[in-house]
Structures are given as C-alpha cells and as structure tokens.
Amino acid sequence: AEFKDVKLIYIHVGEPKVSQEDPKAGIELIHKMKTNLKMSHPILFDRYGVVADKYGAASLPTTVIIAPDGKVNYYHSGFKPGDEAKVKEVLLKIL
C-alpha cells in the first residue's frame, strides 16, 4: 500500500451494549459491521471516553493524525466527501 508505515486504529466511543440481557451483543454487532465493511484495522473500545476526551473528540467521526514523534499533525471532526484528500496530503508530509 502507499502508506505501509501508517497504523490505522478505529476507536468505538461509548458502551457497546445493545441489550441488558446480552452484554456481548454490542461488541458482536460492531465486529459484524467491521467484517461487512471489510475493515481490516483493529477496533479499540473507549467505553468511558478517555481517548475521546484526550483528543477533544466532541463529535464523531473525528480524525486525528499523530506523527511518529507524537505530535498531532491533523485534527478534523465530521466527514464529507473530499476529506480523504486532506488526510492523504498530511500523511505525505509527515512520512
């Protein structure tokens, strides 16, 4: 791939519950969606919003690009077609 050194991680914010009777159903539903959407990267569960708070993700989706030195190089809330071009531009600059 063009960005082979990039690590992409999806973070699910909040409690992944869909019912009280089956607490694992929410996680299973998320993994099923991941499979259906052919998402190959890991999904981390931020049940209490700790990561979201750290990076100021007040709305979802939020995209944060962190360089190898730990510096946040890009931050964007929401998504509209064309946003991926800016993400690519930022990645090309820092890699």
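What follows is a conversation about reading the features of one predicted protein model.

Trainee: Before we start, what should I know about the model and its numbering?

Mentor: Residues are numbered from 1 along each chain as its sequence is written, and this is a predicted model in which local features need pLDDT of at least 70, side-chain atom pairs count only at pLDDT 80 or more, and totals for chains, interfaces and linings use all residues. Side-chain values use heavy atoms, with hydrogens and water left out.

Trainee: Fine. Which helices and strands does the protein chain have, and in what order do the elements run?

Mentor: Helices (H or I, at least four residues) and strands (E, at least two) are DSSP runs, numbered from the N terminus. Here you get three helices and four strands, and from the N terminus on they run β-α-β-α-β-β-α. The C-alpha trace spans about 50 × 30 × 25 Å along its principal axes.

Trainee: How do I read strand pairing, and in which sense do β1 and β2 pair?

Mentor: Two strands pair if DSSP finds at least two bridges between them. β1 and β2 pair in the parallel sense, over four bridges. To find the spot, look at Y10, whose bridge partner in β2 is I43.

Trainee: Where is the cis peptide bond?

Mentor: Go from L60 to P61: that peptide bond is cis, with omega near 0°. P61 belongs to the loop between α2 and β3.

Trainee: Now salt bridges. How many does a search of the whole structure find?

Mentor: The general idea first: side chains of opposite charge can pair when their charged atoms come close. The cut-off is a side-chain nitrogen of Lys or Arg within 4 Å of a carboxyl oxygen of Asp or Glu. The search of the whole structure finds four. One of them joins the side chains of E15 and R47 (3.3 Å, N to O). That pair links distant parts of the chain, with E15 in the loop between β1 and α1 and R47 in the loop between β2 and α2, 32 residues apart. E15 is partly exposed at 38% relative accessibility, and R47 is partly exposed at 36%.

Trainee: What about D83: buried or exposed?

Mentor: D83 counts as buried, because its relative accessibility is 8%. Its side chain meets that of K80 in a salt bridge (3.2 Å, N to O).

Trainee: Which salt bridges share partners?

Mentor: Start with E89 and K93, which meet at 3.6 Å, N to O. Both lie in helix α3, four residues apart, about one turn of the helix. E89 is partly exposed at 36%, while K93 is exposed at 65%. Salt bridges that share partners join K86, E89 and K93 into one network.

Trainee: Last one: how much space lies in the largest pocket, and what lines it?

Mentor: Rolling a probe the size of a water molecule over the atoms shows where empty space is left. On a 1 Å grid over the protein atoms alone, a pocket is an open set of points where a 1.4 Å probe fits, with protein on both sides within 12 Å along at least five of seven lines; lining residues have an atom within 4 Å of a point. Grid points are joined across faces, edges and corners, and a volume is the space filled by probe spheres set on the points. The largest pocket holds about 1600 Å³. Its lining has 43 residues, and L8, I9, Y10, T62 and V64 lie nearest the centre. Helix α3 gives the most to that lining, with six residues.

Note on methods:
Buried < 20%, exposed > 50% of the residue type's maximum accessible area, 1.4 Å probe, protein only.
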